[in-house]
Amino acid sequence: MKQPLVEIKDLKTYFYVKAGTVKAVDGLTLTVETGTKLGLVGESGSGKTTMALAIMRMIRPPGTIQGQILVDGVDLLKLSEEEMRKARLSKIAMIPQGAMNSLNPVARIKDQVLDGMLDHGEKFARGEEEKRVAYLLDMVGLQAKVAKMFPHELSGGMKQRVTAAIALSMHPKVLIADEPTSALDVVIQREVMEMITRLVNDLNLSMILIGHDMGLMAQTVDRLAVMYAGHIMEIGDVRDMFADPLHPYTKALINSLPVLGNRGVFHGIPGVPPSVINPPPGCPFASRCPDVIAGICESQTAPLRELRPGRWVACHLYDGEK
Amino acid sequence: MSGFLSYVRRNPALGVGIGMLLFLLLFTTLGRLFVNPLHAYPLSVMPTQPPSAQYPFGTDVQGRDLLAVMVVGTGLTLQIGAIAGAIGLSVGIVLGFVAGYSGGVLDTVITSVIDVYMSIPGFLILVLIASIFSKVDLGVTEMGLIVSIVSWAGPARAIRAQVLSMRERPFVMMSKLSGMGTFEIIMKELVPNLAPYLVMSLSQTVYGGLQASLGLEALGIGARREPTMGMTLYYVQYYSALMLGMWWWVIEPIIVIVLVLTSLVMTSFGLDEIANPRRRKTV
Amino acid sequence: MAPIVELRNVSKFFGSGPSRTVALDDMTFSVDEDFAKIVTIAGESGSGKTTILMLLLGFYDPSLGSVMYRGKDLRKLDKDDTVDFRRNVQAVFQDPFAVYNPFYKVDNLLSIPIKNFKIAKGKEESRHLMETALTRVGLRPEETLGRFPHQLSGGQRQRIAVARALILKPKILLADEPVSMVDASLRATLLKQIRDLNQELQIPILYITHDLTTSYHVSDYIIVLYHGSVMEAGNVEEVIRSPKHPYTKLLVNSIPWPDPNMLWGATAEEVKGKAAELGTHACKFANRCPHAFEPCVKEQPDLFRTNKGTQVAACFLFQGSETLAKDKLGTLFTK
């Protein structure tokens, strides 16, 4: 069996602040095979964006990163600052949240697309720059004339496509997309997601799609990981997860979503997500879990175990199973 | 009180600024117990004395005890700043709120007045007005009033901008839906939110007023008979104190001025953190 | 019974001259006081749905036409009428944080309208009302009252906003994307509470959103807007299951259903290109519509009845069918 392209082992991102320790990501383990799309779904406070930043090693003090992040066999956490800088964009790229707002308002699109490549030492002959930019813009479905424009002249969807072009400009091996369509209308959202998916497939990249929209996950990814309060609760094939969710949180989450046919039926999850500052021991979902086992769930965190091939669950309900 | 102190630990600028201001206020008030205020005026003591046990701050050419001058003068200079700040801010608040909240014609009129006003160099206005009064004996209060002529425009504009942005916020809409009237909304919803900004504006206005007064006084336009810091510097210049080797007379007012202005700047920085919620550290 | 709110031939423009934006184009719509249903006003950004909200709340003035409350023009209300209007037309907004003045405790959101509208006699009764309402929306008063907005979660804050509506008992509630900034696990609960509000108080609720999945979940009827005009309207189940208007089809096809067996499928039908110069006499969707033909660029289509008369679609594909007069849009839902 081929080694997975991305292997994250026991990733911990803690922030040490005056009020205590914020355990934003608390022991995360997952893998992404080459050419596959993994969805990481979680609500606010689940730690998913922190995880994305941790993978890119963009966590600043007082945050610390522990664990292993292996991309193509190389542990990113062991690289020097300079090596990591080179790895960003060329090996692993990110479309950040609110990416449309991360474009420089006073620079032309062309310059912004070229910026990363030039910074990584790529050299272009005369006239080659325009060609390359046009190629990248075409890849994301934009016309070449966009290159001369400024960000404020573009619509939200177009800006999002530009950030995708920048992220993919050096054909990285791994693409992390953090809520790439959250501010977009539903029709544009579909177009942008389909464009990203097509590119990931064509270029045989691996993608980690981070978000809170289960619907988008269902439409886009191959495998799904569910995150809650800094912990992974369940991982599995996306069809499998929706058809047969094992973790109570996953079940409750899927149940609460509107699907054609269940109009007027509301199954919310009572309670509120816990705070991640000085978290209490035990499973973070215990206080809201309908299947909580008294005496165990509140005091012991359940380890993430592979129940079936490719199916991982962190839940005491399955302690007995092999 | 303990809450305030622990906050100050996280916001050192505010602590330092307020601390310095308090020190200066104490200096000018309690200091009067240790010196004879009358000695801050000419022909009180032996002139041109370097610092000694008898005259810790030395004396100047006209026979003023410089310790008395510093004690009294600090208070006078602060007074000018306070008057300029208070008037500037009050006018600025009224105009800023009215223009920002009402919008429409009223806003256009007020903004145009402010814009025209601000395009005229303030210092020229001040010099002009002050020289009209040059034959008159100016007191400290009059200086404060004169300087406040140019101190209202900046705050008015800045406050208007703040009010404009706040006006569109959903909580203002909610207040309307809760039956609150315009005046009530301004007083109860907008002003408390802007309070830190207004206080910061005050320290900026005081700062501006002080700068203007120092500038005027250094040119000799000011409360000539009073030992303000600006006037002291004027006389330092007039009598070429440095050439006479009277270094104490030169650095003492400068130190006081630096302390006053720095304290205002620090307070302003510190208040900016409160006024600008995004800069607040959340944990 | 008379309509509680009404838009009469309302148009709203921003800017002036040829490059002005038409946010709303000759819209007529009314809601009767005893119409105890939830109607979604759906559309993407630029559709005019937020404009309708702002007009109905009196925060915008119409450029043409008039906005009425109980038969009186909003611009001509006297002092008593205004209090009445403010009391009876309430809203829940999108951002759970921005509706609170960060300076005050969250209690303010509830206590101020109670005081201003004289809903309770004195502090004790006011407190009791607040506690009851908070409990009804699933919050614990001791954990909520006395706190500042930043000390509560988005879900809690939004629930307090719903509790406010319960206390005020308005005659109509406008909900502007009430769950879009709330976590997924809390959405269903909040939507249920909105549904309960509608059932208990028997008041009409206008649910304004771009998210068709939540509108499917919570509402009874739907009006689809595009660039300031009505494209389609009808029963929400039927419009979403079988949309007739090409624009609605495009929207429904783009819904990311949380079901890997209901994938987006073949590319949604659409002709690429922005909404170019169409002039005022054309269907707004004509230049993106794959079915556009002659009449579409000559005049705006009427509301043609479809689906045995229960739905309407502003589309010439259905010309020949009976039409519904624009100002009778409300009757579609009450038959």
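1. Basis and confidence. Because this is a predicted model, local features need pLDDT of at least 70 and side-chain atom pairs count only at pLDDT 80 or more, while totals for chains, interfaces and linings use all residues. Residues are numbered from 1 along each chain as its sequence is written, and chains are lettered from A and ligands numbered from 1 in the order in which they are written. The model scores ipTM 0.85 and pTM 0.83.

2. Helices (H or I, at least four residues) and strands (E, at least two) are DSSP runs, numbered from the N terminus. Four strands of chain C form an open sheet in the order β2-β1-β4-β5, with antiparallel pairing; two strands pair if DSSP finds at least two bridges between them. At the edges stand β2 (21-32) and β5, each of which pairs on one side only.

3. Strands β1 (residues 3-14) and β4 (residues 64-69) of chain C are joined by five bridges in the antiparallel sense. Along this pair, Ser11(C) has Leu64(C) in β4(C) as its bridge partner, and Val5(C) stands opposite Tyr69(C). Tyr69(C) also has a bridge partner in β5(C), namely Lys72(C). Two antiparallel bridges link β4(C) to β5 (residues 72-73) of chain C. These two strands form a hairpin with two residues between them, and Arg70(C) in the turn has a positive phi of about 50°.

4. A helix across the sheet. Helix α1 (residues 49-56) of chain C lies across β1, β2 and β4 of chain C and runs at about 125° to β1(C). For such angles, axes are lines fitted to C-alpha atoms, for helices over the stretch in contact, and angles run from 0 to 180 degrees between N-to-C directions.

5. The contact of chains B and C. Chain B contributes 13 residues and chain C 18 residues; two residues are in contact if their C-beta atoms, placed from the backbone, lie within 7 Å. On the side of chain B, α8 (170-177) and α9 (182-218) each supply at least two residues, and α8(B) gives the most, with six. That side divides into seven nonpolar, three polar and three charged residues (Ala, Val, Leu, Ile, Met, Phe, Trp, Tyr, Cys and Pro count as nonpolar, Asp, Glu, Lys and Arg as charged, and the others, Gly among them, as polar).

6. Which residues of α2 (residues 79-88) of chain C are buried? They are Phe85(C), Arg86(C), Arg87(C) and Asn88(C). A residue is buried if 20 or more other C-beta atoms lie within 10 Å of its own, exposed if 12 or fewer, and partly exposed in between, with C-beta atoms placed from the backbone. The buried residues of α2(C) pack against α8 of chain B, together with β4, β6 (89-92), α6 (154-168) and β7 (172-176) of chain C.

7. Strand β9 of chain A. Six of the six residues of β9 (residues 223-228) are buried. Arg223(A), Ala225(A) and Met227(A) cover one side, and Leu224(A), Val226(A) and Tyr228(A) the other. Strand β3 (residues 37-41) of chain A pairs with β9(A) in the parallel sense over four bridges, and Leu38(A) has Arg223(A) as its bridge partner. With β10 (residues 231-237) of chain A, β9(A) pairs in the antiparallel sense over six bridges, including that of Tyr228(A) with His231(A). The hairpin of β9(A) and β10(A) has two residues between the strands, and Ala229(A) takes a positive phi near 50°.
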